[in-house]
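Q: I am new to this structure and would like to learn how to read its features. Please take them one at a time.

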Amino acid sequence: MARVAPLVREPTLNKQDIVDIVSESVDAPKSTVSSVLDAVLRTVKASVAEGDSVQLMGFGEFHATERAARTGRNPNTGEPMEIAAVKTVKFTAGKDFKDVINS
């Protein structure tokens, strides 16, 4: 049986990686950085959930949007089905962020 090559994935930065990098960058304990990051993420989530936008200058903006109800198709049967309206979060990258990505 032929062996399948593993998928090649792009490196992903997780929360602990960010805590490690920021901790080293600002010379602060990892526990402090982790607590601050948790507080920032809680604040962003709570604000967006309340309908506010969160704008971080030079980084981007988080805001809630609503996706309208629509008719879709059941992939198994092909029959039409109603897909309910849902709230979702959008992120729009700021100019500085886009400039870094495109350089």
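A: Begin with a loop: Asp27 sits between helix 1 and helix 2. Helices (H or I, at least four residues) and strands (E, at least two) are DSSP runs, numbered from the N terminus. This is a predicted model, where local features need pLDDT of at least 70 and side-chain atom pairs count only at pLDDT 80 or more, while totals for chains, interfaces and linings use all residues. Residues are numbered from 1 along each chain as its sequence is written, and side-chain values use heavy atoms, with hydrogens and water left out.

Q: Is Asp27 buried or exposed?
A: Buried means under 20% relative accessible area, exposed over 50%, and partly exposed in between (1.4 Å probe, protein chains only). Asp27 has 73%, so it is exposed. Asp27 also has a positive phi of about 55°, although it is not a glycine.

Q: How does Ser47 count on that scale?
A: Ser47 belongs to helix 2. Its relative accessibility is 19%, so Ser47 counts as buried.

Q: Which residues does Ser47 touch, not counting those up to four places away in sequence?
A: Contact means heavy atoms within 4.5 Å. By that rule Ser47 touches Asp52 and Val54.

Q: What does Lys90 contact, leaving aside its neighbours within four places in sequence?
A: Lys90 is in contact with Glu61, Phe62, His63 and Thr65. Lys90 lies in strand 5 (residues 86–93), and counts as partly exposed because its relative accessibility is 43%.

Q: How is a pocket found?
A: Rolling a probe the size of a water molecule over the atoms shows where empty space is left. On a 1 Å grid over the protein atoms alone, a cavity is a set of points where a 1.4 Å probe fits but cannot get out; a pocket is an open set with protein on both sides within 12 Å along at least five of seven lines, and lining residues have an atom within 4 Å of a point. Grid points are joined across faces, edges and corners, and a volume is the space filled by probe spheres set on the points.

Q: Which residues line the largest pocket?
A: The lining consists of Leu13, Ile18, Val22, Leu37, Val40, Leu41, Val44, Leu56 and Phe62. Helix 1 and helix 2 (30–49) are the elements that give two or more residues to this lining. Helix 2 gives the most, with four residues. The space in the largest pocket is about 170 Å³.

Q: Where is Ile21?
A: Ile21 is in helix 1 (residues 15–26). Ile21 counts as partly exposed because its relative accessibility is 48%.
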